[in-house]
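Please examine the sequence and the model shown below.

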Amino acid sequence: MSIVKGSILSKVLPNIKRKTRQGGQEGVRMERVGERDAGATRILIIEDEKPIADLLDMSLTSAGYSCDCLDNGTDAADAAESRKYDLILLDVMLPGIDGFELMEYLAPLDIPVIFITARSAVKDRIKGLKLGADDYIVKPFEIAELLARVETVLRRYHKTESRIAVGDVVVDTQSRVVTKAGEVVPLTAKEYNLLMLFLQNKNIALFRETIYERVWENEYMGDSRTVDLHVQRLRKKLGWQERIAAVYKVGYRLEVREE
Ligand code: CA
């Protein structure tokens, strides 16, 4: 997780540049396009309230995105112009140039923008959308809603990865075909959904009831055997006995180390 801290220009921009250079994996990514990790999707967070910026960063990083945070429109305009980002989360109320003014600058860059606004006034939402924003989120928001909106906007722009790779396991989310070391692994629909839930929540301990409610789309009645059985089947099929770790009194966690 990388949080670009501080508001001093000289501190912020070098961080961005350094990060870009570290992306020396760019060449590798180009060659392996389609096989890169979901973490390659880059999001620029423009938000001056640090707790909210941190929350966005943490939530999106946990979900596998790569994030940079900036707290003012001037730096954000420079960063956005680098065209390194797949999506921008833009706060409306910013010091100096506000989100609406910045939007007029960002619109021609063809990077999808989601407004983050504390204002619930309908006219502000409409203004944001008229200026070319793709969606908006009203503070306070729930993480699940944030992730869903981000995913929807990225999908609309065809910028979600259609292939997600973890180790030698590759998921093609368009064909829903899963391979391990190049061999197709037949999964049931529930096993596939379970795998996707883990992949969308890398390194996060998921409660059995959360897993049940998300995968089975049903209310959890306290019977954990269904979840446990499917996790065991998934572990066996993918050779992920270690990777899908049991979390005492909670449930399970997919462990993915950062490369
Ligand atoms: Ca603000």
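The model is a predicted one: local features are reported only at pLDDT of at least 70, side-chain atom pairs count only at pLDDT 80 or more, and totals for chains, interfaces and linings use all residues. Residues are numbered from 1 along each chain as its sequence is written.

The secondary structure of the protein consists of 10 helices and 12 strands. These elements are DSSP runs numbered from the N terminus, with helices being H or I runs of at least four residues and strands being E runs of at least two. Of the 259 residues, 31% count as buried. A residue is termed buried if 20 or more other C-beta atoms lie within 10 Å of its own, exposed if 12 or fewer do, and partly exposed in between, with C-beta atoms placed from the backbone. Among contacts with a separation of 6 or more, 58% join residues 24 or more positions apart; a contact requires the C-beta atoms of two residues, placed from the backbone, to lie within 7 Å.

Val150, Val153 and Leu154 of H7 are buried. Seen down the helix axis, the buried residues of H7 fall within an arc of 100°, so they line one face of the helix; the arc is that of the directions from the helix axis to the C-beta atoms. An α-helix has 3.6 residues a turn, so residues three or four places apart point the same way. The face of H7 turned away from the buried side carries the exposed residues Ala144, Glu145, Ala148, Arg155 and Arg156. The buried residues of H7 pack against helix H3 (50-62) and against strands S3 (87-91), S4 (113-117) and S5 (135-138).

A nonpolar core is a set of buried Ala, Val, Leu, Ile, Met, Phe, Trp, Tyr and Cys residues joined through C-beta atoms within 7 Å. The largest core has 36 residues, of which Leu44 and Ile88 touch the most other members. Not counting residues up to four places away in sequence, Leu44 touches Asp68, Leu70, Ala76, Ala79, Ala80, Tyr85 and Ile88. A second, separate core of 20 residues includes Val171, Leu234, Leu238 and Tyr252.

In one, 4 strands are arranged in the order S6-S7-S8-S9 with antiparallel pairing, where pairing requires at least two DSSP bridges between two strands. Its edge strands are S6 (163-166) and S9 (183-184), each pairing on one side only. S7 (169-172) and S8 (177-180) pair over 4 bridges, and Val169 has Lys180 in S8 as its bridge partner. The S7-S8 hairpin has 4 residues between the strands, and Arg176 takes a positive phi near 60° there. S8 and S9 pair over 2 bridges, with Lys180 opposite Glu183. Their hairpin has 2 residues between the strands, and Ala181 in the turn has a positive phi of about 50°.

The other sheet has 3 strands in the order S10-S12-S11, again with antiparallel pairing. S10 (205-207) and S11 (244-247) each have a single partner strand, so one side of each is left without a neighbour in the sheet. S10 and S12 (251-254) pair over 3 bridges, and Leu206 has Tyr252 in S12 as its bridge partner. Helix H9 (208-215) lies across S10 and S12, at about 75° to S10; such angles run from 0 to 180 degrees between N-to-C directions, with axes fitted to C-alpha atoms, for helices over the stretch in contact.

Most residues other than glycine have a negative phi, and most peptide bonds are trans. The peptide bond from Lys139 to Pro140 is cis, with omega near -5°, and Pro140 is found in the loop between S5 and H7. Asn203 has a positive phi of about 65° and lies in the loop between H8 (189-200) and S10. Lys249, in the loop between S11 and S12, has a positive phi near 65°; with 7 C-beta neighbours inside 10 Å, Lys249 counts as exposed.
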